[in-house]
Amino acid sequence: RALIVVPAALRINWEKEIDKWAPKLSVRRIQGDTQERFANYSLPINVLIASYEQIRQDAIPLGNIVRFDVVVVDEAQRIKNLHSETSLAVRTLQRDRSWALTGTPIENSVNDLFAIYRFVKLELLNQAMNKLEIHRLMKPYFLRRYKKDVLREMPPIILQDIPIDLSPQQEKAYMNIWNNRYELIK
């Protein structure tokens with residue numbers, strides 16, 4: 001059994017994609033009040049799709065009831081804050097495997113990376129490691145796809161600088177900020 005945790009707006013999209021690519025799997029979006037949601041978790045359905053908000057409400061009691069073969073979190077930047085309720089909730093889910101999907105670069109901070117890996121593979125990374133150790137250890141668990149490899153038909157990015165003139169009012173406002181910049185940063 002799989003549980004896919006996604007932003008609420010993506011639940012229908014995941015359901016459609018699973019129906020398209022794996023039509024023999026039974027799929028259900030988690031919906032309704034607490035009692036109805038827990039009834040759905042207990043049903044023998046191959047793939048359940050829940051929102052982050054639902055999992056935040058359901059994870060602790062759910063952890064004692066259901067174990068999943070895999071839990072997938074889409075838009076994994078939603079769990080990048082290690083101490084957020086959402087991050088804690090997805091980590092409490094009982095599972096054999098964990099996948100985190102994100103299109104957002106995770107190089108924003110090492111803490112973001114640690115938070116996501118606490119979900120994916122708890123014991124893999126620690127904050128005492130240097131950058132080289134981190135990259136070496138996470139390589140087998142990390143798949144990075146580049147747009148050029150996936151969407152070959154996309155034209156290359158064209159950078160173009162276009163100078164524009166400011167209106168007299170815009171120029172006056174800009175010069176006022178520029179001339180007072182040191183006072184503004186104090």
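Author: Leu-166, Tyr-174, Met-175 and Trp-178 make up a nonpolar surface patch, with about 400 Å² of accessible area together. Patch residues have over 30% relative accessible area and no salt bridge; like charges are joined within 9 Å, nonpolar side chains (Val, Leu, Ile, Met, Phe, Trp, Tyr) within 5 Å. Areas come from the Shrake-Rupley method with a 1.4 Å probe, and for residues only the protein chains shown count as cover. Tyr-174 sits in helix α8, residues 168-179. Helices (H or I, at least four residues) and strands (E, at least two) are DSSP runs, numbered from the N terminus. Tyr-174 is partly exposed, at 46% relative accessible area. Buried means under 20%, exposed over 50%, and partly exposed in between.

The model is predicted: local features need pLDDT of at least 70, side-chain atom pairs count only at pLDDT 80 or more, and totals for chains, interfaces and linings use all residues. Residues are numbered from 1 along each chain as its sequence is written, and side-chain values use heavy atoms, with hydrogens and water left out.

The largest nonpolar core has 23 residues. Leu-3, Tyr-41, Ile-55 and Val-90 have the most contacts inside it. Such a core is a set of buried Ala, Val, Leu, Ile, Met, Phe, Trp, Tyr and Cys residues joined through side-chain atoms within 4.5 Å. At least two residues of this core come from each of β1 (2-6), α2 (34-42), β3 (47-51), α3 (52-63), β4, α4 and α5. The largest share, 4 residues, is from α3. Ile-55 touches Leu-3, Val-5, Tyr-41, Ala-50, Ala-89, Val-90 and Leu-93, leaving aside residues up to four places away in sequence. Contact here means heavy atoms within 4.5 Å. A second, separate core has 10 residues, including Val-6, Ile-18, Val-47 and Val-70.

Strand β1 is mostly covered, with 5 of its 5 residues buried. Ala-2, Ile-4 and Val-6 are buried on one side, Leu-3 and Val-5 on the other. In a regular strand the side chains alternate between the two faces of the sheet. β1 runs parallel to β3, joined by 5 bridges. Leu-3 has Leu-48 as its bridge partner in β3. β1 also runs parallel to β4, with 4 bridges. There, Val-5 is partnered by Val-73. Two strands pair if DSSP finds at least two bridges between them.

Helix α5 (residues 110-120) buries Asp-112, Leu-113, Phe-114, Ala-115, Ile-116, Tyr-117 and Phe-119. These pack against β4 (67-74), α4 (85-92), β5 (94-101) and α6 (131-138).

Last, the charges. The whole structure has 4 salt bridges. Each is a side-chain nitrogen of Lys or Arg within 4 Å of a carboxyl oxygen of Asp or Glu. One joins Glu-15 and Arg-29, at 2.6 Å from N to O. Glu-15 lies in helix α1 and Arg-29 in strand β2, so the pair ties together parts 14 residues apart in sequence. Glu-15 is buried, at 18%. Arg-37 pairs with Asp-58, with the closest N and O atoms 2.8 Å apart. Arg-37 is in α2 and Asp-58 in α3, so this pair links parts 21 residues apart in sequence. Arg-37 is buried at 5%, and Asp-58 at 1%. Arg-78 forms a salt bridge with Glu-53, also with its closest N and O atoms 2.8 Å apart. Arg-78 is partly exposed at 30%, as is Glu-53 at 29%.

Definitions and conventions:
Buried means under 20% relative accessible area, exposed over 50%, partly exposed in between (1.4 Å probe, protein chains only).
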